[in-house]
Amino acid sequence: MLVFTYAYENNPAMAAKSTKRGGGRRAGGAARGRPRRSAEQSDAVRVRVAEVARRLFAEEGFAAVSIRRIAEASGCGAMTLYGYFRSKNEILRHVWEDFFAELFRRIARVTARGTPAQKLQRACAAFVDYWCEHPQHYRIVFLNQDVAGGGERTYVEASTVVDRFEAFREWIAAMQADGSGRAGDPQRLSEALICALIGLCHAWVTIPEYRWQPRAALLDATLAIVRRDAPASQPAP
């Protein structure tokens, strides 16, 4: 390599030939080639790809959509797409993050004030309302398993979704402190409650033909998981 470099630099004919082919360097030593995208441009491409993938996953199902299909619909080549996402599952995680960001913005709005019990009830209602209003979002999130390839981390590991659900545990702990919450480990109770909420959404989204009890009634029964049992009424004298 050193011999070739020396010959190239000291042979005007070779240098001129390379320049004619466009293989030389610009003044100042800057290499020719496609300019790097700015951070804003890269973010815009990622957003566009995620929006296209979100639509395709909803219309055709995650398993049926290939990276090539996403690339074609996004207006770029498959190899170009790999410059922004390492795998189809990484695109899926990006879509999940968009959904959970929407969900927790909604929860934040309805829990800005109130007692811990009121905040928890409103958060649970917002949770089930969001997924029931967007059944395709539910299917994309909860009916597809996250698979991490080499060098990747799962959504649970890489995102802040677990931290966001910490509010449920905190509200349950606050309910226990003010006497309105059921005794027990707040973490265990919050996980039981979240599992029950997902189960409600799953039933409503995937079995809509069944005549379920009213949503508010089933949600109230689910919240009994964390509420302190009301004292039995005393018989009238």
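The talk below sets computed values against their cut-offs.

Modeller: One caution to begin with: this is a predicted model. The chain has 12 helices and zero strands. Of its 237 residues, 33% count as buried.

Biologist: Why are phenylalanine 127 and tryptophan 131 called an edge-to-face pair?

Modeller: Two values decide. Ring centres must lie within 6.5 Å, and planes over 60 degrees apart count as edge-to-face. The rings of phenylalanine 127 and tryptophan 131 are 6.3 Å apart, centre to centre, with 70° between the planes.

Biologist: What makes phenylalanine 127, tyrosine 130 and tryptophan 131 buried?

Modeller: Buried means under 20% relative accessible area. Phenylalanine 127 has 2%, tyrosine 130 has 1% and tryptophan 131 has 0%. Each value is under the cut-off, so each residue is buried. Ring pairs also link these three into a cluster, whose members include Trp96, Phe100 and Trp171. The count of aromatic pairs comes to 16.

Biologist: What makes arginine 46 a charge over the ring of phenylalanine 85?

Modeller: The distance part of the rule asks for CZ of Arg within 6 Å of the ring centre. The charged end of arginine 46 is 4.3 Å from the centre of the phenylalanine 85 ring. Lysine 88 lies over the face of phenylalanine 62 in turn, at 4.2 Å from the ring centre.

Biologist: Why is the contact of aspartate 146 and arginine 93 called a salt bridge?

Modeller: The limit is 4 Å between a side-chain nitrogen of Lys or Arg and a carboxyl oxygen of Asp or Glu. Here the N to O distance is 2.8 Å, so the pair counts as a salt bridge. Aspartate 146 lies in the loop between α8 and α9 and arginine 93 in helix α6, so the pair ties together parts that are 53 residues apart in sequence. Arg93, Asp146 and Glu152 are linked in a network of salt bridges.

Biologist: Are aspartate 146 and arginine 93 buried or exposed?

Modeller: Aspartate 146 has 18% and arginine 93 has 9%. Both values are under 20%, so both residues count as buried.

Biologist: What makes arginine 228 exposed?

Modeller: Exposed means over 50%. Arginine 228 has 56% relative accessibility, so it counts as exposed. Its place is in the segment after α12.

Biologist: Which residues does arginine 228 contact, leaving aside its neighbours within four places in sequence?

Modeller: Arginine 228 is in contact with Gly179, Ser180, Gly181 and Arg182. Arginine 228 and glutamine 176 are 52 residues apart in sequence, and 8.1 Å apart in space, C-alpha to C-alpha.

Conventions. Residues are numbered from 1 along each chain as its sequence is written. This is a predicted model: local features need pLDDT of at least 70, side-chain atom pairs count only at pLDDT 80 or more; totals for chains, interfaces and linings use all residues. Side-chain values use heavy atoms; hydrogens and water are left out. Rings of Phe, Tyr and Trp (its six-membered ring) pair if their centres lie within 6.5 Å; planes under 30 degrees apart count as stacked, over 60 as edge-to-face and the rest as tilted. Buried means under 20% relative accessible area, exposed over 50%, partly exposed in between (1.4 Å probe, protein chains only). A charge sits over a ring if NZ of Lys or CZ of Arg is within 6 Å of the ring centre and within 35 degrees of the ring normal. Helices (H or I, at least four residues) and strands (E, at least two) are DSSP runs, numbered from the N terminus. Contact means heavy atoms within 4.5 Å.
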